[in-house]
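Dear colleague,

Please find the structure below, together with its sequence. My notes on what was found in it follow, and I would be grateful if you could read them with the model open.

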Amino acid sequence: MAFNKRVKIQELFTQNQEGKEIVLMGWVRTKRSNKNVSFIALNDGSTIKNYQIVADPNKIDEELLKKATTGACLKITGTVVASQGAGQSTELVASQIEVLGEADAEKYPLQPKKHSLEFLREIAHLRMRTNTFGAVFRVRHALAFAVHKYFNDKGFFYIHTPIITASDAEGAGETFKVTTLDLKNPPLNEDGSINYKEDFFERETNLTVSGQLEGELAAMGLGEIYTFGPTFRAENSNTARHLAEFWMIEPEMAFYDAEDNQNLAEDFLKYVINYALENCQDDLEFLDKRAAEEETSKKADQRSEMGLLERLQFVVTNEFQRLTYTEAIGILKNSNHNKKKKFQYVVEDWGVDLQSEHERYLVEKHFKKPVILTDYPKEIKAFYMRQNDDGKTVAAMDILFPGIGEIVGGSQREERLDKLTQRMEEMHIPTEEMWWYLDTRRFGATPHAGFGLGFERLVLFVTGMGNIRDVIAFPRTPGHAEF
Ligand code: 4AD
Ligand code: MG
């Protein structure tokens, strides 16, 4: 006999089920009892809203009701009736309760009170049962779905690029090694270095930092593609914006120049944010209130001027500010902030990499809207970016968001074989090993462009959460690989 003949709580709020006998299954959030009646707030994850169960101790065995403590999992059969109390239009009068899983009230870590996010991170296996994390992960799902819908509707193809690679696309040397060699006793070459010919892949391999290079190969045949997969970076930055394992969306388009790329990125970001606004109303309203409460505990000058929902609306309805790196350096250099040495890194010379404090100054203080920064110095960007005619800059773009800083990085790609190989040599990237990448420039090359959106940074922005560890189910950061 099939077990799952239940109604999801979400359906009870969207369809009138009054008078029907139904089965609900879910976890007890709270229970209030007196001699005559027990009220159980049940949540099954389908919505942020709990559903009220009314149990009459004369009809439901008292021992059973005692076990229906916070955290316990119940199966309840009953009739949907109009509710007497305020706060809900209907409720379930229980005729039968089955305890699927007890939760020892003394030991259950999630008590019906406010817990800190830091504490909840330590019990990430249970935090999905809280209002905040239920909301975050429903919104995350909606955003992932919107990503696929956006590209599918535009005729892009979803490509699955490899997770194990032999290249370091960004060239930043932050890869995690993949090996089956015995680390205590690795085979050595005569010069004492490790002999990777004896390793599983007969070469040195690592976890991918980006699907872009393989994405470019695919775009050179399929036209417009996107990837959406996990990427791995061993950068030891313990910030609220960095993960060692994060998900990236990387569209790559043949016949696109830098401006086409910017247009697509802006349209795409607005689409997915708008999708969340339209499809996650209850969760976003909850997160909006949550974020507003957080704001009150911040110093006055660090509070954001807009609430979460307001900020999301603002981003989807306003044009992003586009300017070059050179223009941005001018603004930063001449800012009072810089003159008064309020930046930790004072901006002096053209050519320096922008720190997150500079990016946030541009977005939050100067323009007060999302910014697309273009044409960075070639020295601070990856080898594959298309070289501009000035000989100094490349056709890069970074998109900067309020509260986040960089959310997207991308560029038009260098499609000219001679320029590309020259740049690779300058940057000591072995051209022989990358023969397959260079082949796309040897055979049927065309202007093309693409970008990468850090999915967790998007989820961070849309949910208004403050730490990237709270928008991925089981975060991987330096020193943390529990669960
Ligand atoms: O700017 P990045 O390094 O660009 C690339 O990887 C290109 N291959 C993308 C492309 O053109 N196809 O990374 C892209 C985005 C960043 O803007 C940021 O949002 C996110 O990925 N990101 C991280 N997110 C979380 N944790 C980290 N450690 C991240 N590093 C980058
Ligand atoms: Mg970047």
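**Overall architecture**

The protein contains 14 helices and 16 strands. Please bear in mind throughout that this is a predicted model. Taken along the principal axes, the C-alpha atoms fill a box of roughly 85 × 60 × 45 Å. Of the 483 residues in the protein, 49% are buried. The accessible surface comes to about 24,400 Å², and carbon and sulfur atoms account for 49% of that surface. If one considers the contacts between residues at least 6 apart in sequence, 68% of them join residues at least 24 apart.

**The surroundings of ligand 1**

Ligand 1 is surrounded by 24 residues, and the closest of these are Glu-170, Gln-212, Glu-250, Glu-406 and Ile-407.

In the side chain of Glu-406, an N or O atom lies 2.6 Å from an oxygen atom of ligand 1. A polar backbone atom of Gly-409 is 3.4 Å from an oxygen atom of the ligand, and for Gly-454 a backbone N or O atom lies 3.3 Å from a ligand oxygen. On its own, ligand 1 has 630 Å² of accessible area, and the protein covers 94% of it.

Which elements give two or more residues to this shell? They are strand S11 (245–254), strand S15 (405–412) and strand S16 (448–454). The most is given by S15, which supplies five residues.

**Helix H13 and its cover**

Helix H13 spans residues 435–442, and its buried residues are Tyr-437, Leu-438, Thr-440 and Arg-441. These four cover an arc of only 140° around the axis, and therefore lie on the same side of H13. In general, an α-helix has 3.6 residues a turn, so residues three or four places apart point the same way. The cover over the buried residues of H13 includes helix H5 (212–222), helix H12 (417–426) and S16. S16 is also one of the strands that give two or more residues to the shell around ligand 1. Just after H13, Gly-444 takes a positive phi of about 65°.

His-358 is found in helix H11, which runs over residues 356–367. Its relative accessible area is 3%, and His-358 therefore counts as buried. Apart from neighbours within four places in sequence, His-358 is in contact with Leu-332, Phe-343, Tyr-345 and Val-347.

Lys-381 lies in the loop between strand S13 (371–377) and strand S14 (393–401). Is this lysine buried or exposed? With a relative accessible area of 15%, Lys-381 is buried, because the cut-off for that term is under 20%. The side chains of Lys-381 and Asp-398 are joined by a polar contact of 3.3 Å. Leaving aside neighbours within four places in sequence, Lys-381 is in contact with Tyr-376, Val-394, Ala-396, Asp-398 and Met-427.

With kind regards

Notes
Residues are numbered from 1 along each chain as its sequence is written. Chains are lettered from A and ligands numbered from 1 in the order in which they are written. This is a predicted model: local features need pLDDT of at least 70, side-chain atom pairs count only at pLDDT 80 or more; totals for chains, interfaces and linings use all residues. Side-chain values use heavy atoms; hydrogens and water are left out. A residue is near a molecule or strand if one of its heavy atoms lies within 4 Å of it. A polar contact is a pair of N or O atoms within 3.5 Å; within protein, one must be able to donate a hydrogen and the other to accept it, and residues adjacent in sequence count only if both atoms are side-chain atoms. Accessible areas come from the Shrake-Rupley method with a 1.4 Å probe; for residues, only the protein chains shown count as cover. Buried means under 20% relative accessible area, exposed over 50%, partly exposed in between (1.4 Å probe, protein chains only). Contact means heavy atoms within 4.5 Å. The arc is that of the directions from the helix axis to the C-beta atoms.
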